[in-house]
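Subject: Structure for you to look at

Hello,

Here is the structure I said I would pass on. Please open it first, then read the notes below with it in view.

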Amino acid sequence: MDSALKVNQGIPKPPEINPRASDILKKKPAGSREVSTYLEGIRNKDISILAQAITLIESTREEDREKARELVSACLPFSGDSIRIGITGVPGVGKSTFIETFGKHITDSGHRLAVLAIDPSSERSKGSILGDKTRMETLANDPHAFIRPSPSGGSLGGVARKTREAVLLCEAAGFDTIFIETVGVGQSETAVHSMTDFFLLLMLAGAGDGLQGIKRGIMEMSDLLVINKADGNNVEKALQAKSLYQGALHLFPPSPSGWIPTALTASSTEGTGMEKILESVTAYINLTRKNGYFEEKRAQQAIFWMRESINNHLISRFYDNPRIKKALPKMEQKVKEGQTDSFKAASELLKLL
Ligand code: GDP
């Protein structure tokens, strides 16, 4: 019988089943569950659902975005009840080793810890500085810890937004301590600072130029400096660096938190100094809860994120608008050829919105 599916002679027959089908079937698309199912899983501390929910908020598909927004709103009433700690330092300072050791210290004392990251390098180089799979093996196997590498792709703003939403989801899943790690070399610390309660900067003793490429601004926003690798022959030098930094911290203008930043030494490989660091974090939280700064900072951060969200929304509404998509290249050409100026062109395009 003739069939519309008849394959003519000489044309190789395509496989009847998509060779990638089994891969596709195994991998559920990001937004394949109902918002209520995600929420229930998260509230039941189901780590695998939490991980899938974070994949949903990282998705750029418009239908996933809508669901993600709903999920974040649904998680919001259950979020906020954690201590959010930003951790930064140049590559090699020992961030992942420190997070392993300090993180273990935290889970051993009965807390549940989520480790998130903001690594804007991952979009450009593909080789993420923070994404190495062999990192933090102990914590990765700790049932009281959850580790999630940095979202990749998109602008720093986009990556930061996803991490901020992941924080809310982790809190709704009962994690009471959140670490957000970033590499202390660029803009990402400011993003981390805008979503954490406490900011910890890891440094090394005697690494030359005093501030080791860490910008003054990063030091200024830190609540605690930890001189890592204070072990072996390095102990003396670490102690000297500690007093040096301690002196430098005093030169900064006083923070509205009422907290005076300090410097401590630690060895992440030997596990020394961890108790003091935890004491410092606790003292900061106690002080700022008492003087109202903790809540004030969270409120300001919430406003900041609302504005970020509006900005992002407006930007994508503009660039995704079909009329603008059509007009934009033409207008760019006009600007290029000097037929109109940048400001007039922008204003005309904006009118199309
Ligand atoms: P990151 O790039 O900041 O995440 O740094 P890593 O945690 O990967 O550490 C870089 C190197 O420093 C590794 O070889 C670690 O073993 C080593 N390291 C980290 N912390 C310490 C420490 O406290 N003492 C010593 N001696 N070495 C450390």
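Lys45 has a relative accessibility of 45%, so this residue counts as partly exposed; the cut-off for exposed is over 50%. Please keep in mind that this is a predicted model. Lys45 sits in the loop that joins helix 2 (35–43) to helix 3 (47–58). The backbone there has a positive phi, near 60 degrees, in a residue that is not glycine. Most residues other than glycine have a negative phi.

Lys229 is another case of this kind: phi is positive, near 65 degrees, and the residue is not glycine. The loop that holds Lys229 runs between strand 6 (224–228) and helix 11 (235–250). With 34% relative accessibility, Lys229 is also classed as partly exposed.

The whole protein

The chain has 353 residues, and 43% of them are buried. Its secondary structure consists of 15 helices and seven strands. If you take the contacts between residues at least 6 apart in sequence, 74% of them link residues at least 24 apart. The protein exposes about 19,200 Å² of area, and 56% of that comes from carbon and sulfur atoms.

The cores

How many residues does the largest nonpolar core have? The count is 49, and the residues with the most contacts inside this core are Ile42, Leu50, Leu71, Leu169 and Cys170. Helix 8 (residues 156–172) is the element that gives the most to it, with eight residues. Domain 1 (30–77) and domain 2 (79–291) both supply residues to this core, so the core lies between the two domains.

Leaving out residues up to four places away in sequence, Cys170 touches Leu50, Ile54, Ala114, Leu116, Phe146, Phe175 and Ile178.

A buried serine

Is Ser280 buried or exposed? Ser280 is buried, because its relative accessible area is 8% and the limit for buried is under 20%. This serine belongs to helix 12 (residues 274–291). Residues up to four places away in sequence aside, Ser280 touches Phe198, Leu224, Trp259, Thr262 and Leu264.

The ligand

There are 15 residues around the ligand, and Gly92, Lys95, Thr97, Asp231 and Ser268 come nearest. Helix 5 (residues 95–108) gives the most to this shell, with three residues.

- A polar backbone atom of Lys95 is 2.8 Å from an oxygen atom of the ligand.
- An N or O atom in the side chain of Asn228 is 3.3 Å from a nitrogen atom of the ligand.
- An N or O atom in the side chain of Ser267 is 3.5 Å from an oxygen atom of the ligand.

On its own the ligand has 580 Å² of accessible area, and the protein covers 66% of this.

Toward the end of the chain

Glu296 is part of helix 13 (residues 293–320). Its relative accessible area is 41%, so Glu296 is partly exposed. The side chain of Glu296 makes a polar contact, at 2.8 Å, with the side chain of Gln300. Glu296 is also 39 residues away from Ser257 in sequence, while their C-alpha atoms are 9.5 Å apart in space.

Where does Asn321 sit? Asn321 is in the loop between helix 13 and helix 14 (322–336). Its relative accessibility is 16%, so Asn321 counts as buried. A polar atom of the Asn321 side chain lies 2.7 Å from the backbone nitrogen of Arg323. Apart from neighbours within four places in sequence, Asn321 is in contact with Leu352 and Leu353.

Regards

Terms used
Residues numbered from 1 in each chain as written. Predicted model: local features only at pLDDT ≥ 70, side-chain atom pairs only at ≥ 80, totals over all residues. Heavy atoms only, no water. Core = buried A, V, L, I, M, F, W, Y, C linked by side-chain atoms within 4.5 Å. Buried < 20%, exposed > 50% of the residue type's maximum accessible area, 1.4 Å probe, protein only. Helix = DSSP H or I, 4+ residues; strand = E, 2+ residues; numbered from the N terminus. Domains from an automatic or database assignment. Contact = heavy atoms within 4.5 Å. Near = heavy atom within 4 Å. Polar contact = N/O pair within 3.5 Å; in protein donor to acceptor, adjacent residues only side chain to side chain. Areas by Shrake-Rupley, 256 points an atom, 1.4 Å probe, with all protein chains shown as cover.
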